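Hi there,

Here is the structure I promised to pass on to you. Have a look at it first, and then read on for what turned up when I went through it.

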Amino acid sequence: MAANVKLTGAKNSAGAAVDAKVTSIVAGMVAGADSIDDLDVLRHGAMPTLFGGSRAPSTLGTFLRSLTHGHALQLHAVHRRFLAALAAHTPLLPGSGEKAFIDVDSTHKRVYGRTKQGAEYGRFKGIRTLHPLLATICTPTPGR
């Protein structure tokens with residue numbers, strides 16, 4: 001990941017150890033964090049044994065605030081490769097080799113302020129939105 005995501009010129013060394021910071025954020029979300037302050041969950045109890053190299057919430061907040069729309073695209077490219085490799089090595093969806101149903105929907109998320117990168121005026125006149133695609137996949141095979 002560090003080879004694909006470059007945060008050049010980021011202040012306060014926000015671009016250092018990108019892989020450890022992204023891993024800390026994902027691990028924190030898996031552990032139930034839904035804000036930067038909640039990422040402190042990785043520093044309690046035996047979590048440091050499970051998640052080695054986790055970073056402090058303030059460090060992760062600085063990292064997240066230094067990301068631009070271009071960096072989000074870099075992370076998206078890493079995410080695509082990771083999911084493809086995970087799907088090739090892990091049978092997460094029983095029956096996907098036979099038949100799979102994929103539903104891709106677009107959505108609009110209103111944003112405020114003129115500096116939000118990636119936001120644009122589109123379908124809703126006069127309203128700036130982000131336009132992510134949401135996808136779900138399932139098979140007719142019952143889960144185990």
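Below are my notes, going from the whole chain to the helices and then to the strands.

Please keep in mind throughout that this is a predicted model.

**The chain as a whole**

The chain holds four helices and five strands. Along the sequence they come in the pattern α-α-α-α-β-β-β-β-β. Of the 144 residues, 19% are buried. The accessible surface of the chain is about 10300 Å², and carbon and sulfur atoms account for 57% of that. If you take the contacts between residues at least 6 apart in sequence, 54% of them join residues at least 24 apart.

**The helices and the nonpolar core**

Let me start with helix H3, which covers residues 57-65. Which of its residues are buried? They are Pro57, Leu60, Gly61 and Phe63. These four sit on the same side of H3, because the arc they cover around the axis is only 160°. The face turned away from that buried side carries the exposed residues Ser58 and Arg65. As for what the buried residues of H3 pack against, the partner is helix H1 (18-30).

The largest nonpolar core has seven residues in all: Val18, Val22, Ile25, Ala33, Leu39, Leu60 and Phe63. H1 and H3 each supply at least two residues of this core, and the largest share, three residues, comes from H1.

Not counting residues up to four places away in sequence, leucine 39 touches Ser24, Ile25, Gly28, Met29, Ala33, Pro57 and Leu60. Among these, Pro57 and Leu60 belong to the buried residues of H3.

Helix H4 runs over residues 69-89. At 1.5 Å a residue, its 21 residues should span 30 Å, and its end C-alpha atoms are 30 Å apart, which agrees. The buried residues in H4 are His71, Ala77 and Val78. Seen down the axis, they fall within an arc of 120°, so they line one face of the helix.

**The three-stranded sheet**

Now for the strands. Three of them form an open sheet in the order S2-S4-S3, with antiparallel pairing. Strands S2 (109-110) and S3 (120-121) stand at the edges, and each has a single partner strand, so one side of each is left without a neighbour in the sheet. S3 and strand S4 (residues 128-130) run antiparallel and are joined by two bridges.

In that pairing, tyrosine 121 stands opposite arginine 128 in S4. Is arginine 128 buried or exposed? Its relative accessibility is 15%, under the 20% cut-off, so arginine 128 counts as buried. Leaving aside neighbours within four places in sequence, arginine 128 is in contact with Lys109, Arg110, Val111, Gly113, Arg114, Lys116, Ala119, Glu120 and Tyr121.

At 54% relative accessibility, lysine 109 counts as exposed. Apart from residues up to four places away in sequence, lysine 109 touches Arg128, Thr129 and Leu130. Lysine 109 and histidine 131 are 22 residues apart in sequence, and their C-alpha atoms are 6.5 Å apart in space.

**The S1 and S5 pair**

Strand S1 (residues 101-106) and S5 pair in the antiparallel sense, over six bridges. Strand S5 takes in residues 133-138; of these six residues the number buried is zero, so S5 lies largely in the open.

Serine 106 is found in S1, and its bridge partner in S5 is leucine 133. How far apart are serine 106 and leucine 133 in sequence and in space? They are 27 residues apart in sequence and 4.5 Å apart from C-alpha to C-alpha. With a relative accessibility of 46%, serine 106 counts as partly exposed. Its contacts, leaving aside neighbours within four places in sequence, are His131, Pro132 and Leu133.

Happy to go through any of this with you.

Best wishes

How values were computed: Residues numbered from 1 in each chain as written. Predicted model: local features only at pLDDT ≥ 70, side-chain atom pairs only at ≥ 80, totals over all residues. Heavy atoms only, no water. Buried < 20%, exposed > 50% of the residue type's maximum accessible area, 1.4 Å probe, protein only. Arc of directions from axis to C-beta. Contact = heavy atoms within 4.5 Å. Areas by Shrake-Rupley, 256 points an atom, 1.4 Å probe, with all protein chains shown as cover. Pairing = 2+ DSSP bridges. Core = buried A, V, L, I, M, F, W, Y, C linked by side-chain atoms within 4.5 Å. Expected span 1.5 Å × (residues − 1).
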